Every structure is written in C-alpha cells, then in structure tokens.
Amino acid sequence: IFLFSAIAFSMCHCFNKNSFYVYENGITSMNLSKQADVINARASRTTHPKTLGLLLKFYKLLNPSINIIAPYYNQTKAEIMVMFRKYNAMNLIASSVSCSSSRKRPEQSTHCGCCSQCIDRRFSLYAAELNDYDAEYTNDFIHSFPDNDNKETKQRIYITMRLANLEDISTQEAFVSKYPDDVTALIAYWQGSNADDKLDEIYNLVCRYGKSVMMAATRMR
C-alpha cells in the first residue's frame with residue numbers, strides 16, 4: 001500500500017489534485033485477528049483504517065491538503081456487490097478478478113477458489129444473489145468440498161463461518177473483550193468523532209457481515 005499510495009500521491013501532485021481513493025470493503029480492511037496462525041505476516045493490514053490514517057499523516061507533511069478517501073470503509077463485500085445490480089452492470093462481475101493466487105491457477109480459470117479472497121467473493125455474490133454472474137474457479141468448494149489434502153481451504157471456510165456465527169461475540173461487550181487490540185486501533189482511526197458511535201458502527205458492520213455469510217451459506221446449500 002505504501003508503493004501504490006505513493007504513486008497515487010505523486011499523480012495527485014502532478015495534476016494538482018488533493019485526494020485519491022482506496023477501494024476495499026470494511027471487513028477485509030479491518031481484518032480481525034481471527035486466530036493465532038493468521039496474525040502478523042499472514043494477516044494483511046493493507047487498507048486497515050490505521051494504515052490509511054498513518055499514511056495520510058505522512059503525506060500531509062508533504063501536502064497539508066491531501067486526503068485519502070475510503071468510500072466503502074463501512075460496507076460489507078455483499079453490500080458492494082449489490083451495486084452491480086443497482087447500476088445494471090452485472091456483466092462486469094465475471095471480468096473482475098479478486099483472486100490473490102491467480103498466478104497458480106490454470107489458464108481456463110480466473111480464480112483459484114481456495115484463497116481467502118476467492119472464498120469471500122463467493123459468499124458475497126451468493127448473499128447478493130448474483131452468483132450466476134460469477135467467474136470460473138479452479139476449485140469449487142460449493143459442489144466439491146475440499147478433502148484432507150486441502151486443509152488450508154477448509155480452515156479458511158471454517159474461520160469465515162465462525163466469524164459469521166459471531167462465535168463468542170454475540171454482544172458488543174463480548175466483541176470488545178475478544179478483540180481488545182483490534183477494537184482500540186479501529187476506534188482510533190475510524191471515521192467520526194465519537195468513540196461510542198464508532199464502536200456501534202464497527203460492531204454493526206461485523207453483524208451485517210455475519211448475516212450475509214449465513215444467508216449465502218443457506219443459498220449454497
């Protein structure tokens with residue numbers, strides 16, 4: 001994100017612009033520490049509110065008027081997918097690429113179907129009832145669930161379902177108790193001025209995400 005944002009900042013400087021956009025849904029951006037083995041190197045914080053906040057602080061040393069806009073910071077991926085229907089642009093879905101392991105896939109498929117981005121994409125499209133417009137996947141976990149040779153994919157699906165079920169976080173207090181460091185960092189850099197309102201927005205986003213995943217799972221079955 002430093003490289004890409006630096007390029008964007010340079011372009012803004014060249015063309016006398018004072019803002020650039022970073023597009024990512026809120027759940028992926030906050031990237032809660034779902035379990036121990038995804039913390040640190042395996043857990044991306046590329047578009048985390050704290051990351052963008054610190055980058056903005058740095059760029060303002062060079063241009064006090066610069067701003068980084070994250071328009072989807074408080075939306076789930078499924079809520080963003082609905083916009084394709086709103087603008088009658090469903091045909092664009094198949095041509096978009098979400099896969100984070102595309103270099104490993106066969107030529108005939110645009111998505112591996114195993115990485116966390118592919119899994120999130122499938123759940124969001126099923127939740128938005130737009131799965132018929134989706135791209136092709138090398139591995140289809142809906143019609144052929146991963147066997148024991150593909151434990152990482154099974155684990156990613158398992159983690160997704162655990163978070164969606166609001167496991168151990170059925171109340172806002174439990175959410176704060178389970179993710180104290182995550183919540184502290186989010187509130188410090190979340191848009192707005194009132195900490196209680198920020199927490200309400202963050203927890204509501206997680207709950208909406210959970211509902212969308214469970215809705216998608218029902219449709220998949």
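# Exercises on a predicted chain

In this predicted model, the backbone oxygen of I187 lies 2.9 Å from a polar atom of the K198 side chain.

**Exercise 1.** Describe the surroundings of K198: where is K198 found, is K198 buried or exposed, and which residues does K198 touch?

*Solution.* Step 1: find the element. K198 belongs to helix α9, which covers residues 195-220. Step 2: check burial and charge. K198 is buried and has no salt bridge. The nearest side chain of opposite charge is that of E201, 9.1 Å away, while a salt bridge needs a distance within 4 Å. Step 3: list the contacts. Leaving out residues up to four places away in sequence, K198 touches I187, A188, W190, Q191, G192 and S193.

**Exercise 2.** I187 lies in helix α8. Which residues of α8 are buried, and what do they pack against?

*Solution.* Step 1: α8 runs over residues 180-189, and its buried residues are D182, V183, A185, L186 and I187. Step 2: these buried residues pack against α2 (26-30), α3 (49-59), α7 (172-178) and α9. Step 3: consider helix geometry. An α-helix has 3.6 residues a turn, so residues three or four places apart point the same way. In α8, D182 and L186 are both among the buried residues.

**Exercise 3.** How many disulfides are there?

*Solution.* Step 1: two cysteine sulfur atoms must lie within 2.5 Å. Step 2: the count under this rule is zero. Step 3: take C12 as a case. C12 is in no disulfide, and the nearest cysteine sulfur, that of C14, is 9.4 Å away. Step 4: check burial, for which the cut-off is under 20% relative accessible area. C12 has 6% relative accessibility, so C12 counts as buried. C207 has a relative accessible area of 18% and is therefore buried.

**Exercise 4.** Summarise the fold of the chain: how many helices and strands does the chain have, and in what order do the elements run?

*Solution.* Step 1: the chain has nine helices and two strands. Step 2: from the N terminus, the order is α-β-α-α-β-α-α-α-α-α-α. Step 3: the radius of gyration is 18 Å, close to the 17 Å that the globule rule gives for 221 residues, so the chain is as compact as a globular protein of that length. Step 4: of the 221 residues, 43% are buried.

Methods
Residues are numbered from 1 along each chain as its sequence is written. This is a predicted model: local features need pLDDT of at least 70, side-chain atom pairs count only at pLDDT 80 or more; totals for chains, interfaces and linings use all residues. Side-chain values use heavy atoms; hydrogens and water are left out. Helices (H or I, at least four residues) and strands (E, at least two) are DSSP runs, numbered from the N terminus. Buried means under 20% relative accessible area, exposed over 50%, partly exposed in between (1.4 Å probe, protein chains only). Lys and Arg count as positive and Asp and Glu as negative; His and the chain ends are not counted. A polar contact is a pair of N or O atoms within 3.5 Å; within protein, one must be able to donate a hydrogen and the other to accept it, and residues adjacent in sequence count only if both atoms are side-chain atoms. Contact means heavy atoms within 4.5 Å. The radius of gyration is taken over C-alpha atoms; the globule rule is 2.2 Å times the number of residues to the power 0.38.
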